[in-house]
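Hello,

Here is the structure for your files. My notes on it follow below.

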Amino acid sequence: MAFRPRHLLGIEHLSPEDIRTVLDLAEEYVDLNRRTVKKTDALEGMTQINMFFENSTRTQASFELAGKRLGADVMNMAMQTSSVKKGETLIDTALTLNAMHPDLLVVRHGSSGAVDLLAQKVECAVINAGDGKHEHPTQALLDALTIRREKGRIQRLTVAICGDVAHSRVARSNLILLGKMENRVRLIAPPTLMPSGVAEFGCEVYDDMREGLRDADVVMMLRLQKERMDGGFIPSEREYFHRYGLDAEKLAYAKDDAIVMHPGPMNRGVEIDGTIADDINRSVIQEQVEMGVAVRMAVMDLLARNLRADRGRALNEGTYV
Amino acid sequence: MTIFLQNARLIDPEALSETTGNVVIDNGRIAAIGDMSAPADAEVIDCGGKCLAPGIVDLGVKIGEPGERHMESFRSAALAAAAGGVTTIVARPDTASAIDTPETLEFVRRRAADAPVRILHMAALTKGRDGQEMTEIGFLKDAGAVAFTDVARVSDQTKVLQRAFTYAASLGVLVIGHPQEPGLSKGAAVTSGKFASLRGLPGVSPMAERMGLERDLALVEMTGLAYHADQITTAKALPALKRAKEAGLDVTAGVSIHHLTLNALDVGDYRTFFKLTPPLRDEEDRLAVIEAVAEGLIDVICSMHTPADEESKRLPFEEAASGAVGLETILPAAMRLYHSGQLSLPQLFRGLALNPAKRLGLPQGRLAEGAPADLVLFDPDAPFVLDRFKLRSKSKNTPFDTSRMEGKTLATFVSGVQVYRNNNDL
């Protein structure tokens, strides 16, 4: 097995081989999670701290469940009410936590690059659970697992990513992952929600949704943040739904067996029509949530193995502190 | 006291020439240049064929007085300047309380009086640099302000600016603008484009610079003001500058050494020491701006020395302070352009010394008989690896930390007095 990274900060740092390793191991955890007894001892005795500087229910719950099923002691830090409010800097918070000897740190932060910064200052494995508009690697991995299970492969597919690409870390991580695995990626968004220079990433850029969806194997919808709905980036919610909301008519442009994905939480009637989201023949949105726990278990398991190996090596060389 | 500098490679930015010869310094001035032998009882310094150029006149240096003396004091800045070959600092008014009254200006003048290099002061154009009401431009001029600027804070109150420009023009003072469209550049941390998108950082289009410049130039045309654009960093802004100069407007422009030697990709993994105002640009822009310096379209090269403490830089990129120190690194950074063959030494010193001095009406910046003996002796080829903790500035926020550089200052003279000597290399 080739997975060597110490942290999971972004898909950018993973090789296609790393990605395959995570997905293969995650498959095993999918089976485990469907049993009545869901526990293993992969992280037995290890401490996992979830630091969410931004509100999150779903991702935090998914990481918490993943850690507990692997046997770790999981602690959630409510960063909104913590010393951060008292003016403590990110680095001081990191150093304080580091002194408690956690083994895994799961971090979400509103600023791009904040998790990278924090990872430089701690001795444990750090998992990026979303930093600003930069990356959200476990989301891309769980999306990849979902696609692979549905389509039987994660190569040579046409994947359309639609919606607020500019502000989406999910879109960035997916774009990088799907590119690394040699898929054809299309980005569909109104030009005000499309990041500049993005065509240079080797993807196709569309502002016409029907054109972009033509013959797609996978349709990945993105959430449109409430605060961006009025006036600033798009004229109105209803005009957005009319032009970029996924409904049966637009979906008909994609392949007949195209799957529909959404990272959640959904705005029904804004970016996606409720009946599409609930269509069990097309929508894999619930499966994505299930894959989320399995992928996070796989990532934490792999990082913990590397952590043990690093510490074992340091112990042999007498450099372990 | 007479000093004889013998066997120097003389960099003359006025004639754009390089010759070998000797220089006699007497009574604070350059008394003679040529083949002559040493006058009796002169102190003889053998330059060993190294370069002698007019000292750098650094237009736009931030010093933390008043208010942020822990980041940079007049003393630390002057020591850094002397070691960096900067003989005249033109200090910015964007201090913790802005230099916007004659009283504050008098305070900084007093604080700067004993410095080993020349320190001149600029004052704010509007009170508190808020872009709402003009400062006492007349009083401030009388108190010694050499130029007026709100530095990087750009007013969106065009009417206020029109009045301030009109008033300033009537007094014949120089106003320095920061060409940037304030609405478009709001909240930006980097230049928009592929890199900004990949890193998920808020970007500003390079077009914001041209828009800001066009507005300022239109106001200059209306008011007849003497105007200097602090930093032109994009290719798109250059035609507007060229047009204004050809139309005979009293306009000049500068660029920071960082924008000439670094590009947007240098930010890499969110390295906050590369966060600057305006942000670093794409490589095509950097090359276009170097070309503009070579042609003389861009007049001035400055360090935009902006000290920032560790705390303000050890933050996520968007939240981190902007700016870099540059007094001690402007010369070796400039040598990168010399070694790459993009700019000659006389061209570099035209931007570093001659043009900024001319713009401020100073006699410095020339290597000519009768000119003040503000000189820098340096070895353009001497290699070193920069260690930021060895900088004399109180703040160590340089983007060149651990970089391999070439170009060491050997000695610096201000008014004929040696204010710095590198004993290891000279």
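How many residues of chain B are in contact with chain A? The model is predicted, with local features needing pLDDT of at least 70 and side-chain atom pairs pLDDT 80 or more, while totals for chains, interfaces and linings use all residues. Residues are numbered from 1 along each chain as its sequence is written, chains are lettered from A and ligands numbered from 1 in the order written, and side-chain values use heavy atoms, without hydrogens and water.

To the question: 16 residues of chain B are in contact with 20 residues of chain A (contact means heavy atoms within 4.5 Å). Between them the two chains bury about 1600 Å² (accessible area, 1.4 Å probe, lost on being put together and summed over both parts). Carbon and sulfur atoms account for 56% of that area.

One salt bridge crosses this interface (a side-chain nitrogen of Lys or Arg within 4 Å of a carboxyl oxygen of Asp or Glu). Its partners are Arg199(B) and Glu12(A), at 3.1 Å, N to O. Arg199(B) also lies over the face of Tyr270(B), 5.7 Å from the ring centre (CZ of Arg or NZ of Lys within 6 Å of the ring centre and within 35 degrees of the ring normal).

Within chain A, an automatic or database assignment gives domain 1 (7-134 + 289-317) and domain 2 (137-284). Their contact takes 34 residues from domain 1 and 25 residues from domain 2. About 2400 Å² is buried between these domains, 63% of it from carbon and sulfur atoms. Four salt bridges are counted between domain 1 and domain 2 of chain A.

Regards
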